[in-house]
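Here is a guided walk through one protein model, written for someone new to reading structures. Take a moment to look at the chain before you read on.

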Amino acid sequence: MKLLDLFKPKPTKPTISSYGQPSIEPEQVQSLMEWFFASLMAAEYFGKSHLFWYNSAKPDQKLEQALKKVIHRDEPIFLYRCSDRTMPVSEGYYWRMVPEHPSMRVYQLEVKE
């Protein structure tokens, strides 16, 4: 831990960085984002997290590069599967479905043990 980190104010609410373009209705996006915020707050997590909107029918190299950039930050990473497949991940990781969300399209990035 850096010395300067000790003096930073603690966040009071979670922050979700969003990557990619959701291909679902705006009402569904809003509902999902509200669910994420509520879930993070219920888990008492008030830091930064990341949400990737992935459509395997339209793979996006920039999206995969963004994932590689944030993967080592020790922050929660989620994926919303807009199509039939999840985004490929680096060796040593996998997408775990989040069963608490009724869509069965929400995943959290996990480290393989």
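## A first pairing

Which residue in E5 is the bridge partner of tyrosine 94? In strand E5, tyrosine 94 has glutamate 110 as its partner. Strands (E, at least two residues) and helices (H or I, at least four residues) are DSSP runs, numbered from the N terminus.

Before going further, please note that this is a predicted model, in which local features need pLDDT of at least 70 and side-chain atom pairs count only at pLDDT 80 or more, while totals for chains, interfaces and linings use all residues. Residues are numbered from 1 along each chain as its sequence is written, and side-chain values use heavy atoms, leaving out hydrogens and water.

## How the strands pair

Two strands count as paired if DSSP finds at least two bridges between them. Strand E1 (residues 15-19) and strand E2 (residues 48-54) run parallel and are joined by 5 bridges. Here isoleucine 16 stands opposite serine 49 in E2. Between E1 and E2 the chain passes through helix H1 (residues 26-42), and this β-α-β crossover is left-handed. (A right-handed crossover is one where, with the strands pointing away from the viewer, the path from the first strand over the helix to the second runs clockwise.)

Other pairs are antiparallel. E3 and E5 are joined in this way by 3 bridges, with phenylalanine 78 partnered by glutamine 108 in E5. E4 and E5 also pair in the antiparallel sense, over 5 bridges.

## Helix H1 and its two sides

How far apart are the end C-alpha atoms of H1? They are 24 Å apart, which agrees with the span of 24 Å that its 17 residues should have at 1.5 Å a residue. The expected span is 1.5 Å times one less than the number of residues.

The buried residues of H1 are Val29, Leu32, Met33, Phe36 and Leu40. Buried means under 20% relative accessible area, exposed over 50%, and partly exposed in between (1.4 Å probe, protein chains only). Viewed down the axis of H1, these buried residues fall within an arc of 100°, so they line one face of the helix; the arc is that of the directions from the helix axis to the C-beta atoms. They pack against E1, E2, strand E3 (77-81) and strand E5 (106-111). Glu27 and Ala42 are exposed, on the face turned away from the buried side.

Tryptophan 35 also belongs to H1, and counts as partly exposed because its relative accessibility is 22%. Setting aside neighbours within four places in sequence, tryptophan 35 is in contact (heavy atoms within 4.5 Å) with Val98, Glu100, His101 and Val106.

## Nonpolar cores

A nonpolar core is a set of buried Ala, Val, Leu, Ile, Met, Phe, Trp, Tyr and Cys residues joined through side-chain atoms within 4.5 Å. The largest one has 15 residues, and Phe52, Leu67 and Trp95 are among those with the most contacts inside it. Two or more residues each come from E2, helix H2 (61-70), E3, strand E4 (93-97) and E5. H2 gives the largest share of this core, 4 residues. Apart from it lies another core, of 14 residues, among them Leu32, Leu51, Phe78 and Val106.

Beyond its neighbours within four places in sequence, serine 56 is in contact with Ser83, Asp84 and Arg85.
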